[in-house]
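Let's take a walk through this protein together. Keep the sequence and the model side by side as you read.

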Amino acid sequence: MRSTIDDPNRSRSGVQFQDAQLHAAVGEYGFTQVHENQIDEFHRLADELIEGEVAGPEALWRVQSWTGRALQLRRKNGKANALLASIPLTQAGVDALLAGEFGFANARREWVCGPTETAHALLSWGMAGRSPMDQAASLRGLLAVWYGVYCDIRVYARARSVEGEKLMSRLGFVPLGRPDGATMLFGSTGFPHRIAEKLSVRSKPISQEQFA
C-alpha cells in the first residue's frame, strides 16, 4: 500500500513550523530570511537566474509576509549570489497547485501557511545561484529545509528547463503533468538520502525540542 507521499493527488499533513528550525537548517549554507527592504534585490536575482517570467516584487513580498519564511538569500562580499523560495501550502493550496491555479502572482492567503499554521505540502518555487558553488549551496539549502523542517510532507516543484527536469528526476521526483498547461509539475516520492549524503547535508532531522 502506498503512503500519501507517493500519491500524486494527496499530501501528508501535520508539520508545525518553528522559526529556529528553518534558521538552523539553512543558516550553515549562508542563507538568511528576506526582509521587505531586500525584496527588490531578491527579485532582481530571481529575474536574472530563473528561466521564464518571475513574479514582481510586490507579489513576492505578499507571500513572504504571509508565510514568514518562504524566501531566503545567500550573500558573499555583500552581494546576493543564491536564492531559495519554498512555500508551505495548506490543503487548499495543494488543490490549487494540482488544478494549475497556484502562482506567486495570484496567490491567495488561504493557499499558504502562516507561521503558526500546519503545512500540508511544500512548493519548491525556485533555487538558483550565480556559480556552480552557489547552485550547490541552493540545493543543499533546499534539502536541509526539506529534511530538517518539512520531512513528513510531500514536496512539489516546477521545472521550466530540461536541466530542471533532469534534476527533479535525480532527486526522485515524478512528473505530474502540466496542470497550468505550460510548466511540468513534479512531486516527491521520498527524501533523496543518497544525494543529500553526497552533498554533506545534515542527515538528521532537527528536533523541535532543541528550540522549545
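A term to have ready for later: a helix crossing is left-handed if the near helix is turned anticlockwise from the far one by less than a right angle, and right-handed if clockwise. Helices (H or I, at least four residues) and strands (E, at least two) are DSSP runs, numbered from the N terminus. What you see is a predicted model, in which local features need pLDDT of at least 70 and side-chain atom pairs count only at pLDDT 80 or more, while totals for chains, interfaces and linings use all residues. Residues are numbered from 1 along each chain as its sequence is written, and side-chain values use heavy atoms, with hydrogens and water left out.

Let's begin with the overall plan. The protein has seven helices and seven strands, and along the sequence they follow the pattern α-β-α-α-β-β-α-β-α-β-α-β-β-α. The seven strands form an open, mixed sheet in the order E1-E2-E3-E4-E5-E7-E6; two strands pair if DSSP finds at least two bridges between them. Strand E1 (31-33) and strand E6 (174-175) stand at the edges with a single partner strand each, so one side of each has no neighbour in the sheet. Further in, strand E2 (residues 71-76) and strand E3 (residues 79-89) pair in the antiparallel sense over six bridges. To find your place there, look for Gln72, whose bridge partner in E3 is Leu84.

Helix H2 (residues 39-49) lies across E2, E3 and strand E4 (121-129), at about 95° to E3. Axes here are lines fitted to C-alpha atoms, for helices over the stretch in contact, and angles run from 0 to 180 degrees between N-to-C directions. Helix H6 (residues 162-170) lies across E4, strand E5 (154-159) and strand E7 (184-187), running at about 160° to E5.

H2 also meets another helix. Its axis and that of helix H3 (residues 57-67) come within 9 Å and cross at roughly 115°, and the crossing is right-handed. The contact (heavy atoms within 4.5 Å) is made by Ile39, Asp40, Phe42 and His43 of H2 and by Pro57, Leu60 and Trp61 of H3.

Next, the aromatic rings. The structure holds five aromatic pairs; rings of Phe, Tyr and Trp (its six-membered ring) pair if their centres lie within 6.5 Å, with planes under 30 degrees apart counted as stacked, over 60 as edge-to-face and the rest as tilted. One of the pairs is Trp146 with Phe191, edge-to-face at 5.2 Å centre to centre and 75° between the planes. Trp146 lies in helix H5 (residues 132-148) and Phe191 in the loop between E7 and helix H7 (193-198), so this pair ties together parts that are 45 residues apart in sequence. Tyr147 and Phe191 form a tilted pair, 4.5 Å centre to centre with 40° between the planes. Ring pairs link Trp146, Tyr147, Phe173 and Phe191 into a cluster.

Buried means under 20% relative accessible area, exposed over 50%, and partly exposed in between (1.4 Å probe, protein chains only). Across the protein, buried residues make up 49% of the 212 residues.
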